[in-house]
Amino acid sequence: MQQLRSFSSSPSFLSSSISVFSKYVSSSSLDRTLSPGGSAEYSDMQVMGSFLPGKHHSVTGTALWNSQPSIFRKLIDPPKDENLITQTRLINKSAAQSRISILYNFFSDYLLREQYRDARGEVKIGNLLEDLDMLAATVAIKHCSVEDSGTRSPFLVTASMENMELKKPITVASDMKIAGSISWVGRSSLEVQVEVTQLEESAEQSCQSSDLVALTGRFIFAARDSKTGNVAPVNGLTAVTEREKLLVEEGNARDKARKEKREAQRRNSGKAELYRHQGMFADNMYLENSFVCQPQHRNFYGRVFGGFLMHRAFELAFATAYNFAGRCLASYKSTMSISLNLWKWKTS
């Protein structure tokens, strides 16, 4: 496959990154750092993003709140007009219109570093999955959003995460950047490509090399009407660069492969065959977990936050690998897919 340059490698994209701060930075510091204009409206949104009860919180979520106040205000306080209709007049947007990057100042923020470090001094992959899902969802919401106040915004469901690959360890000793960009759009679904970049020495040097990309992956979202639960159309994607055009072609092929895989799974829904591995049955390599999702684990649509489930799925997979390897500490390499079966919708 053709080697593609990182979409987050341009100096202008790096300079526009949203900064993440530890949970204990004061709100006044956030005002000075993130809101040069000091508008009252912006500060109110910061308070809502930091202390809103019954929503999933993280330092990344707070940073996204502060950077996209109008989008999140519409999610948490949607118009009450019953005459609102589903968006039917779709528009085309470029990937650049919804692209977002977030900068983690690990080098200068000790508390942030401690919130993300694991036993090896590397970034905890489970926490990173939560943040990537939140970032990808925000990118998808930006792409689907419209200015028309007479229409309902679609409800976006995290359908799956695919082909997450760790190219090199991500340490908390250096700053880190995560970035998300729309890579493919279907009729009612869309795909967000994410990248994690480990910044070294200086931002100017980092942005010149795609070798610093430490992790890549894709999130797939499905759109539903927020009132009826039916499939909802989404805005189209205009591919501007050659790289974006190639991503669209690859996205069409992946969408076809996903549909064929789902059909094959429906045909072979019986119990999977057990395989032997060095004298060990597959049943002995099987772990499962049950937990209760509390109101604090829901997203702005009132449903379970997909990143929370992915974090739990990763921890379970890690424990399974640890158990199978004879209680040896395993190193994460990649994830083929995590699928979330959250399609059922109840209306009253």
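Colleague: Lys245, buried or exposed, or partly exposed?
Modeller: Lys245 is partly exposed, because its relative accessible area is 36%. Buried means under 20% relative accessible area, exposed over 50%, and partly exposed in between, with a 1.4 Å probe and protein chains only.

Colleague: Which side chain does Lys245 meet in a salt bridge?
Modeller: That of Glu242, at 3.7 Å, N to O. A salt bridge here is a side-chain nitrogen of Lys or Arg within 4 Å of a carboxyl oxygen of Asp or Glu. Helices (H or I, at least four residues) and strands (E, at least two) are DSSP runs, numbered from the N terminus.

Colleague: And Glu242, buried or exposed?
Modeller: Exposed, with a relative accessible area of 61%.

Colleague: What is this model, by the way?
Modeller: It's a predicted model, where local features need pLDDT of at least 70 and side-chain atom pairs count only at pLDDT 80 or more, while totals for chains, interfaces and linings use all residues. Residues are numbered from 1 along each chain as its sequence is written, and side-chain values use heavy atoms, leaving out hydrogens and water.

Colleague: How many salt bridges are there in the whole structure?
Modeller: A search finds 10. One of them joins Glu191 and Arg254, at 2.4 Å, N to O. That pair links strand β8 (residues 189–198) with helix α9, 63 residues apart.

Colleague: Is Glu191 buried or exposed?
Modeller: Glu191 counts as buried because its relative accessibility is 0%. Arg254 is buried too, at 17%.
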